[in-house]
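Here is a friendly walk through one model, written for a reader who likes to know the cut-offs behind each term. Please keep the structure open beside the text.

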Amino acid sequence: MVLKPFHTEALNGLCSKDQLELLNSIDCLRAQGISHYVSLPQIIVCGDQSSGKSSVLEAISGVPFPTKSNLCTRFPIELVLRKTSHIGVSVSIVPHESRSESEQLYLGGFHEKLGDFDGLPSLIENAKSALAISTHGRAFSKDLLRVEVSGPDRPHLTIVDLPGLIHSETKQQSASDVELVQDVVQTYMKEPRSIILAVVSAKNDYANQIVLKLARAADKKGNRTLGVITKPDTLIASSESEAMYISLARNQDVDFRLGWHVLKNMDSETGEWSLADRDAKEEEFFSQGSWEDLPRHLLGVKKLRNRLSKVLLRQIAAELPGLIDEIEIKSNACRSRLDKLGKPRASLDEQRLYLLHISQLFQSLIKASVDGTYNDPFFEDAQSEPGYQKRLRAVVQNLNLDFAERISRRGHRREIVNSPSKAAVPRGVIATTREEFMNHIQHLVRRTKGRELPGTFNPMIVTDLFLEQSSPWEALTRGHIKKVWMAVKEFLSLASTYVADAATSETLFQKIFEPALNDLLGTLNTKSTELLTPHQKGHPITYNHYFTEALQNIRNERNKDEYGRIVKDFFGVASLDSANLSYQYKDFRPLVAALVQRAEPDMNRFACSEALDCMVAYYKVALERFVDDISVEVIETKLISPLYDIFSPIMVTSMPADLVTSIAGESEENRTQRGQLDKQLEVLVKGIETCKRFIGVRILGVDDSTAQSKSTLNSTEYDPGDSDEASDNSTTDDVRSLPDSLEPALRNISPPLPEPLLAPQDVVAVDELPEEPQEDDFCSPSVLRKGRKKGKSVPAPPQWDD
């Protein structure tokens with residue numbers, strides 16, 4: 001490979017003097033380290049293996065890279081051009097995040113410097129050795145090689161050269177290498193602020209080159225992809241292949257919003273050559289044959305530098321509002337994490353103060369959640385599961401309602417139905433007819449007879465029947481209490497995570513919340529046992545008038561059914577709703593006799609029926625009282641109310657010193673995390689300050705050939721979205737609000753395609769133009785300013801061509 005000395009003209013073409021400040025601001029952000037946290041606008045060079053990527057990069061930047069046909073890029077190379085007072089080349093390795101900690105330390109220590117480019121190839125070879133890349137071993141790496149070129153005449157610019165895409169495995173390149181390279185390239189392509197230089201070699205059919213497929217997948221509408229055709233000199237003049245590539249260069253086949261460009265690089269095997277030789281040979285080639293018919297702005301590296309500079313500038317201007325928003329979001333998230341960590345806690349007083357702070361916040365969350373006022377950001381969206389779990393009052397209310405409904409359906413042992421075989425009863429409930437139930441009661445009555453008269457029953461029989469009927473209560477109650485307790489436990493876990501850092505939250509839960517919750521569970525079970533005991537061992541007692549009402553209703557309902565049956569039999573009708581009776585004399589004495597004879601002749605059977613009615617009526621009264629007692633005396637009094645004192649400021653002030661230290665004492669991990677967050681926040685804050693002057697979007701609208709007024713949108717109103725979703729039918733161009741010194745830079749941006757910035761029907765207010773306006777006349781700030789004052793207009797500029 002032939003090495004070139006430092007050359008500045010190539011780099012100067014990338015950035016005009018007016019555009020330098022805007023590009024410098026982005027590189028300033030990168031230098032501050034903000035690219036570790038947010039994606040920054042950058043140019044990435046990608047293509048199939050041996051497509052001429054490195055030659056394109058060298059032609060653009062003037063920095064020599066390995067370009068021999070048997071060599072290829074083995075890892076991403078980030079070329080960083082920096083404007084400094086000293087001249088030099090610095091090479092370092094940025095380990096991939098998948099590397100182990102020890103590997104990251106080892107590779108991160110690779111850092112070498114040069115005074116010029118002469119030693120660059122050997123430095124790259126040294127980097128390969130450090131990355132364990134060899135011909136017979138590991139062929140590719142995800143690690144990044146950063147080449148920083150510094151000098152007083154260097155613009156701030158970053159270009160990334162990616163490994164060439166491999167079509168199939170070989171002896172030197174395994175299937176895993178093919179997959180790894182594709183993964184690396186796709187990762188860079190998917191960055192929404194990356195400009196993709198898709199390099200296609202004219203040596204091969206472009207339909208078979210993987211780069212176009214991947215570029216289209218990452219940038220579906222081609223809004224940020226610029227195609228570059230290399231090696232056009234390998235095509236046979238006037239051949240079908242040459243015509244096909246000329247059509248591609250005109251953007252007539254694979255359509256990219258930024259269009260296509262053609263470069264003719266020097267053959268790496270031809271010996272020594274300079275960049276001036278390269279440019280001269282390229283110009284000579286494009287001045288003859290079919291290539292001569294292409295627009296000049298699509299040919300040659302000089303035009304590519306200009307196009308690339310303008311595309312990059314436009315990309316930066318378009319992405320700045322979204323970049324500002326993203327930095328602000330990351331800054332707020334960083335501050336939130338630092339707030340959780342609190343201030344450094346070395347002394348006991350600092351630790352206790354920290355616990356006091358989070359206990360106050362914790363109590364405010366408890367009060368809000370128990371009261372049902374969910375205004376704090378802690379509660380999130382009620383539609384989400386965590387948001388619902390944080391609404392403790394809603395959770396407890398719903399669980400209590402579920403318990404009331406469940407015990408109403410499944411709390412009784414037997415359920416009276418007309419046909420047990422056809423009835424659908426809840427699991428655990430025995431379906432029985434009234435006659436079968438009375439048979440069961442009659443058996444119990446015989447075994448519990450006392451001195452009661454025939455036709456009456458021993459009051460103790462109601463106790464036995466009720467104890468049997470309410471036997472499922474305990475299991476249902478224990479299950480309900482456990483559910484509410486688990487809901488409270490989940491709430492405390494979420495609350496502790498919200499008010500404190502991860503380490504403190506975990507320790508707080510283990511040492512304070514879990515012991516307190518276990519004690520509360522014991523108290524809940526004790527209280528529920530206390531409430532169950534009267535229903536399990538005591539005699540039924542109630543002074544609630546609802547008991548007599550329920551008893552009368554039960555008897556009336558039963559009598560109604562029996563009387564209805566007798567009347568239907570007497571009149572011979574199927575229903576009492578409506579009956580057609582003939583006008584004739586009727587003897588009603590049989591009806592009266594039937595109603596009188598309805599009385600139960602078996603006195604023991606009558607007693608069993610009365611006992612059953614009493615038990616059912618008392619069960620209804622007792623169940624309602626029991627459900628309310630569990631909700632109030634157990635859940636509310638013994639579980640919800642004590643939450644206010646589970647972690648209160650008063651508790652913190654009396655907490656033993658060793659417990660304070662064990663909870664709030666800062667671990668080494670937390671100290672390291674705080675240091676990282678402080679550094680990250682500092683970088684993000686500096687990034688915000690750097691971007692402040694670019695806040696706002698100024699839009700110039702054109703409607704019905706009339707120059708519209710400018711409106712300014714705040715950055716918070718800007719939704720950057722996905723570049724793939726941007727409209728392709730926009731008739732206006734956004735001009736970002738920049739300092740006066742940078743306005744000419746944006747106004748001089750020519751579009752990457754051979755199309756005017758404004759539609760043909762649009763007009764721009766100007767003063768006067770020469771008879772043959774030049775390209776600069778349409779963009780000159782002075783001309784535009786004069787035009788605004790005088791209000792004259794001319795047609796929009798012609799297509800951009802040289």
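## Helix 16 and its two partners

Helices (H or I, at least four residues) and strands (E, at least two) are DSSP runs, numbered from the N terminus.

The model is predicted: local features need pLDDT of at least 70, side-chain atom pairs count only at pLDDT 80 or more, and totals for chains, interfaces and linings use all residues. Residues are numbered from 1 along each chain as its sequence is written, and side-chain values use heavy atoms, with hydrogens and water left out.

How do helix 16 and helix 20 lie relative to each other, roughly parallel or roughly antiparallel? The axes of helix 16 (residues 473-499) and helix 20 (residues 603-640) cross at roughly 30° and come within 12 Å, so the two are roughly parallel. This crossing of helix 16 and helix 20 is right-handed. On the helix 16 side, the residues that meet helix 20 include Trp473, His480 and Trp485; among their counterparts in helix 20 are Tyr619, Phe626 and Leu639. Contact here means heavy atoms within 4.5 Å.

Strand 8 (residues 225-230) is largely enclosed by the rest of the structure, because 6 of its 6 residues are buried. Buried means under 20% relative accessible area, exposed over 50%, and partly exposed in between, with a 1.4 Å probe and protein chains only. In a regular strand the side chains alternate between the two faces of the sheet. Here Thr225, Gly227 and Ile229 point one way, and Leu226, Val228 and Thr230 the other.

Strand 8 pairs with strand 7 (residues 194-201) in the parallel sense over 6 bridges, pairing being called when DSSP finds at least two bridges. Ile196 stands opposite Thr225 in strand 8. Strand 8 also runs parallel to strand 9 (residues 260-262), joined by 3 bridges, and Val228 stands opposite His261 in strand 9.

Two right-handed β-α-β units share this strand: strand 7, helix 7 (residues 210-218) and strand 8 make one, and strand 8, helix 8 (residues 240-249) and strand 9 make another. A crossover is right-handed if, with the strands pointing away from the viewer, the path from the first strand over the helix to the second runs clockwise.

## Two residues with positive phi

Asn251 lies in the loop between helix 8 and strand 9. It is not a glycine, yet its phi is positive, about 65°. Asn251 is buried, with a relative accessible area of 16%.

Glu380, in the loop between helix 11 (348-371) and helix 12 (385-390), has a positive phi near 55°. Glu380 is partly exposed, at 44% relative accessible area.

## The whole chain

The chain holds 26 helices and 16 strands. Of its 802 residues, 47% count as buried. Among contacts with a separation of 6 or more, 77% come from residues 24 or more positions apart.

Technical notes: Axes fitted to C-alpha atoms, helices over the stretch in contact; angles between N-to-C directions. Parallel < 35°, antiparallel > 145°, perpendicular 65-115°, else oblique. Left-handed = near helix turned anticlockwise from the far one by under 90°.
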